[in-house]
Amino acid sequence: MADDKEILKEIWDGKIPVCFKLAENEWRSSEPEEIYLMVSRQSYFPLVLDKVQRHFADFVSQTKKNNEIWLDYNGINLKWHYPIGLLYDLYANEGAQVQNIPWTLSVHFDDIPEDLLYYVNEKTVESYFLSTIKEADALKHKGKVINEMQRKDHQQLWNGIKSDKYEQFWTMNKKLMETSDSDGFISIPFRIYQIDKPFIQKLFRPVSETGKRQTLKDLLEFIFGENSSNWVQPSLDTPVQWLSEHLSYPDNFLHICVK
């Protein structure tokens with residue numbers, strides 16, 4: 001991949017101001033004050049909720065205060081295994097005119113909904129993250145790069161995310177973004193999200209059978225058909241190989257929200 005470090009660093013540094021409010025049915029007596037945090041778009045909510053849990057622990061039933069907490073936005077249960085930036089873009093980011101900043105979320109200590117994956121602790125998140133990276137590398141390199149890495153290399157990727165350390169993460173992740181083939185990756189790891197629908201994931205090559213470098217427009221037409229009307233932030237003419245190398249989340253998937 002090209003050494004576009006400034007682009008990668010700017011994307012890594014993306015933050016979302018979030019206001020956490022304790023759900024009304026959780027109050028033990030009066031409403032507690034909200035807590036505000038700047039959270040990384042690249043991270044996962046279980047990695048940033050310790051401070052939130054401590055803040056509200058004295059305001060809920062003592063039998064619940066050590067429970068794993070979960071979040072909702074306007075009644076929508078937020079999947080903890082989705083990157084934070086993906087959740088915000090899918091549900092709250094409506095473009096330059098309506099950004100819903102700060103992003104106000106409700107905090108729950110009880111009755112985890114059935115549509116949310118249950119997680120035990122941080123190891124659950126780590127396991128999910130690494131399994132997704134392995135899936136992405138299977139699409140890009142038939143799994144050769146990730147399988148050649150040692151356990152300590154996998155741990156470095158995870159520690160970079162957990163500690164929000166760009167250099168620590170990208171020193172190792174750049175190996176997963178490299179290709180010796182001028183055509184790029186074998187396939188592009190991507191998932192397309194729409195509200196209230198399962199995400200879409202299919203095999204899609206960065207270069208067509210005729211040798212044309214495929215763009216975001218080609219990808220969307222492959223999924224939705226020609227003349228599909230979709231809201232997307234990047235230019236439709238951007239090559240998908242470049243998008244995959246530069247705009248993928250740390251799990252190495254290109255997560256695309258279509259509205």
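This is a predicted model: local features need pLDDT of at least 70, side-chain atom pairs count only at pLDDT 80 or more; totals for chains, interfaces and linings use all residues.
**Exercise 1.** Work out which parts of the chain the salt bridge between Lys15 and Asp164 links, and whether each partner is buried, partly exposed or exposed.

*Solution.* Start with the contact: the closest N and O atoms of Lys15 and Asp164 sit 3.5 Å apart, inside the 4 Å cut-off for a salt bridge. Lys15 belongs to strand 1 (residues 15-22), while Asp164 is in the loop between helix 6 (151-163) and helix 7 (166-177), so the pair links distant parts of the chain, 149 residues apart. Finally, check accessibility: Lys15 comes in at 33% and Asp164 at 32%, so both are partly exposed, given the range between 20% and 50%.

**Exercise 2.** Find the network that Lys64 and Asp110 belong to.

*Solution.* First, take the pair itself: Lys64 and Asp110 form a salt bridge, 3.5 Å from N to O. Then look at where they are. Lys64 lies in the loop between helix 2 and strand 3 (70-73), and Asp110 in the loop between strand 5 and helix 4, 46 residues away. Now follow the shared partners, and Glu26 joins Lys64 and Asp110 in one network.

**Exercise 3.** Name the residues of the nonpolar surface patch and locate Tyr118.

*Solution.* Ile112, Tyr118 and Val120 make the patch, which covers about 310 Å². As for Tyr118, look in the loop between strand 5 (103-108) and helix 4 (122-141). Its relative accessible area is 58%, so Tyr118 counts as exposed, the cut-off being over 50%.

Key: Residues are numbered from 1 along each chain as its sequence is written. Side-chain values use heavy atoms; hydrogens and water are left out. Patches are made of residues with over 30% relative accessible area and no salt bridge: like charges are joined within 9 Å, nonpolar side chains (Val, Leu, Ile, Met, Phe, Trp, Tyr) within 5 Å. Accessible areas come from the Shrake-Rupley method with a 1.4 Å probe; for residues, only the protein chains shown count as cover. A salt bridge is a side-chain nitrogen of Lys or Arg within 4 Å of a carboxyl oxygen of Asp or Glu. Helices (H or I, at least four residues) and strands (E, at least two) are DSSP runs, numbered from the N terminus. Buried means under 20% relative accessible area, exposed over 50%, partly exposed in between (1.4 Å probe, protein chains only).
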